[in-house]
Amino acid sequence: MKQEYENLEIYEGTEQPNLFVEIWSGLSDEAYGELKAARIGEYEAAGSEQSPGGWRTMERWVVGGRAKIHMWQFKTI
């Protein structure tokens with residue numbers, strides 16, 4: 001996924017292995033909304049396991065599956 005998205009940084013917790021944080025730089029509000037819908041399953045690809053960007057494939061790597069994938073947006077003030 002990192003090769004496909006240059007604006008993505010991924011970190012893993014040092015004290016909590018398998019806890020990952022993604023930092024997406026430069027996303028518009030619209031792009032964030034689309035990405036979130038794809039990541040947390042609001043977008044369903046007509047019975048397919050594949051959603052845009054391969055996010056369905058990644059779910060099987062997460063212990064607990066889709067229910068354990070969360071996404072928040074932060075903005076500077």
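Predicted model: local features only at pLDDT ≥ 70, side-chain atom pairs only at ≥ 80, totals over all residues.
Setting aside residues up to four places away in sequence, Glu 12 touches Pro 17, Asn 18, Leu 19 and Phe 20. Glu 22 is 10 residues from Glu 12 in sequence, and the two C-alpha atoms are 9.0 Å apart in space.

One of the residues touched by Glu 12 is Asn 18, which has its place in the loop between β1 and β2. Most residues other than glycine have a negative phi. Asn 18, although not a glycine, has a positive phi of about 70°. The relative accessible area of Asn 18 is 63%, so this residue is exposed.

Read from the N terminus on, the elements follow the order β-β-α-α. The chain has 77 residues, of which 23% count as buried. Its accessible surface comes to about 6,100 Å², and carbon and sulfur atoms account for 54% of that area. Among contacts between residues at least 6 apart in sequence, 27% join residues at least 24 apart.

The next topic is the aromatic side chains. A search of the whole structure finds one aromatic pair. The rings are those of Tyr 5 and Trp 24, with centres 5.2 Å apart and planes at 70°; the pair is therefore edge-to-face, since that class requires planes over 60 degrees apart. Tyr 5 lies in the segment before β1 (8-12) and Trp 24 in strand β2 (residues 20-24), so that the pair links distant parts of the chain, 19 residues apart. The two partners fall on either side of the 20% limit for burial. Tyr 5, at 21% relative accessibility, counts as partly exposed, whereas Trp 24, at 17%, counts as buried.

Trp 24 also takes part in the nonpolar core. In soluble globular proteins, nonpolar side chains tend to be buried together. Here the largest nonpolar core has five residues in all, namely Leu 8, Trp 24, Tyr 32, Leu 35 and Met 71. Of these members, Leu 8 touches Trp 24 as well as Met 1, Lys 2, Glu 22 and Ile 23, when residues up to four places away in sequence are not counted.

The discussion now turns to empty space. Rolling a probe the size of a water molecule over the atoms shows where such space is left. The largest pocket holds about 1,100 Å³ of space. Its lining consists of 24 residues, and those nearest the centre are Phe 20, Val 21, Glu 22, Arg 39 and His 70. Two elements, β2 and α1 (29-39), each give two or more residues to this lining. The largest contribution comes from β2, with five residues.

The last part of the chain remains to be described. Val 62 has its place in the segment after α2. With a relative accessible area of 29%, Val 62 is partly exposed. Leaving aside neighbours within four places in sequence, Val 62 is in contact with Lys 68 and Ile 69. Phe 20 is 42 residues away from Val 62 in sequence, with a C-alpha to C-alpha distance of 9.7 Å. Phe 20 is also one of the residues that lie nearest the centre of the largest pocket.

Ala 67 likewise lies in the segment after α2 (55-59). Ala 67 is exposed, because its relative accessible area is 61% and the exposed class begins over 50%. Ile 40 and Ala 67 are 27 residues apart in sequence, and their C-alpha atoms are 7.8 Å apart in space.

Key
Residues numbered from 1 in each chain as written. Heavy atoms only, no water. Phe/Tyr/Trp six-rings, centres within 6.5 Å; stacked < 30°, edge-to-face > 60°. Helix = DSSP H or I, 4+ residues; strand = E, 2+ residues; numbered from the N terminus. Buried < 20%, exposed > 50% of the residue type's maximum accessible area, 1.4 Å probe, protein only. Contact = heavy atoms within 4.5 Å. Areas by Shrake-Rupley, 256 points an atom, 1.4 Å probe, with all protein chains shown as cover. Core = buried A, V, L, I, M, F, W, Y, C linked by side-chain atoms within 4.5 Å. 1 Å grid on protein atoms, 1.4 Å probe; cavity = no way out; pocket = protein on both sides within 12 Å on 5 of 7 lines; lining within 4 Å. Points joined across faces, edges and corners; volume = space filled by probe spheres on them.
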